[in-house]
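Me: I'd like to learn how to read strand pairing and helix packing from a model. Can we work through one case?

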Amino acid sequence: MKMSVNRADESALPLIGVYEISKILGATLDLKKALHDVLNVLSAYLNMRHGAVVLNDDTGKPTLAAVTGMSLQAARDGGLKYPFTAAAKVISTGVPMVAANAIDEPLLADYVTGNAALEGEDVSFFCVPIKTTEKAFGALSVERVWDGSPQYTFEHDLRFLTMVATLVGQTVSLHRKVAADRQTLMTDTSRLKKQMEDAAPALPIKGLEDVVGTSEAMTRVFGQVQQAASTKATILLRGESGTGKELVARAVHILSPRAQKPFIKVNCAALSESVLESELFGHEKGSFTGAVADRKGRFELAHTGTLFLDEIGEISSNFQAKLLRVLQEGEFERVGGTKTVKVDVRLVAATNRDLEAAVSDGSFRSDLYFRLNVVPIFLPPLRERQGDIPLLAMYFLKQFNTENSRALSFSDKALQVLQCCYFPGNVRELENCVYRTATMTRGQVIEEMDLSCRQDTCLSSSLWSKPGQAHATNQRSAPVPVPTGPLVPPAPPVAAAPPVADPVAPLAEGDDASERDRLIQAMEKCGWVQAKAARLMGLTPRQIGYALKKHNIEVRQL
């Protein structure tokens, strides 16, 4: 800037320059272009020449990020003998550098003598650190021609360049954060995609495509199914409700030599004894009111194929004897008939009851137990194969997208939260959770806070918090389902449940101060998850919500 410019113009130009620079930095995501345009503004408004921006690379080495007067590539290839030593000193110390006459500064000697545009003139060199916190990560440098006038001071230029460097530093920091977040997102997406690709070869052959799982427990199930399916042996599927016993039974049929024959299924718990007998064995015309014609039973319909009897542990003692004869002899009579019908049926049964305990107390016949329990296959609960939860969640979300013409996806954090849940309803509950969450999500990505357990709409927490609702599933170890919720350990059997340490008393009327303290104590203990605090205090999530509003307690986001 020439000294003939009046003082009013001198004070106005820097303000205009800052305004133009702020517009440039906020108008584009192209960092290289933005930095180059900033240097052009410095040159146009303030007569600053040969500006440069230097930023530390991943190794901490200063590298040219923008220059004026030549292309960036040409400057990096040696066209500009930039004084990196001087810039490195400014970056390491965080202290600006001002050389009134660059030729007198040893760190700038090579730069000045190698720059024809600077020869024959007195050039001042300014270099200020680029930073957002204590530590600088770059430098902004410019040169200005100085006529040597003693009236000229460098304080105004230095303050102005420091402001510009601060704006540049904030922009560079933001761009780097966005780039890092994008890289993290791409890495997570690639990892999840590879996880799905790796899972495909691990899935067993035809018939088990819909049984999703790569865990050791499910690999063992797949092996047992493939080995037993090719035989005629009766298979008994054991497992908690919702573990996928029907899918495995269908897989047994598809993998067997009877795959082209009928696959008939009956839920024994859904029918009374008389109706179940008619359903399985059929009936003759006139055998009872409403029997207007002969009707084949499920055993006849499944002839040469497979019959799946779900909830076999729920049949009555009287019907157990009738079923035993069919399994032993392969023959029966229809209800109201006298003709013996012979069938060739492969039986697959399933139960979530502890049949051993039922045999011990006399509610289940021991001879039928041994006839059914030829090849037992135990299906693990979902909490024992948590590594399969992300795969199952994405599988169900894909089904939801197909059925509803949507394109939703899970964030990595949401999958992590799901993986920490225990799902007492097992795979069926996870499917329910995915469909409910997907239905209520407005965006394209399901985030952590979209999940039911983060919205206090988790069905498990509502169910298991009610007295008298919990029930054992009577498996090998007869575990009691635990409420769904992140990082909640499995509950011990009810009979052996120890007293809760440091309990939080239920809310009571009267003592408002202590009521508020107990509520805060419960929320802090449960990580400010209202559903978990409700279970701890013996309340419903809705009651917890009312109590928080009543005492004006703000829910913290951890």
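Me: Which residue in S5 is the bridge partner of arginine 49?
Reply: Glutamate 143 is the partner of arginine 49. Bear in mind that this is a predicted model.

Me: How many bridges join strand S1 to strand S5, and how do these strands run?
Reply: Two strands count as paired if there are at least two bridges between them. Here, strand S1 (residues 49–56) and strand S5 (residues 136–145) are joined by five bridges. The two run antiparallel.

Me: Now the helices. At what angle do the axes of H14 and H15 cross?
Reply: Helix H14 (residues 389–404) and helix H15 (residues 412–419) cross at roughly 120°, and their axes come within 9 Å. H14 is therefore oblique to H15, since 65 to 115 degrees counts as roughly perpendicular and over 145 as roughly antiparallel. The crossing of H14 and H15 is right-handed.

Me: Which residues of H14 and H15 meet?
Reply: From H14 come Ile389, Pro390, Ala393 and Met394; from H15 come Leu415, Leu418 and Gln419. Sorted by class, this contact of H14 with H15 has six nonpolar residues, one polar and no charged ones.

Conventions
Residues numbered from 1 in each chain as written. Predicted model: local features only at pLDDT ≥ 70, side-chain atom pairs only at ≥ 80, totals over all residues. Heavy atoms only, no water. Helix = DSSP H or I, 4+ residues; strand = E, 2+ residues; numbered from the N terminus. Axes fitted to C-alpha atoms, helices over the stretch in contact; angles between N-to-C directions. Parallel < 35°, antiparallel > 145°, perpendicular 65-115°, else oblique. Left-handed = near helix turned anticlockwise from the far one by under 90°. Contact = heavy atoms within 4.5 Å. Nonpolar A, V, L, I, M, F, W, Y, C, P; charged D, E, K, R; others polar.
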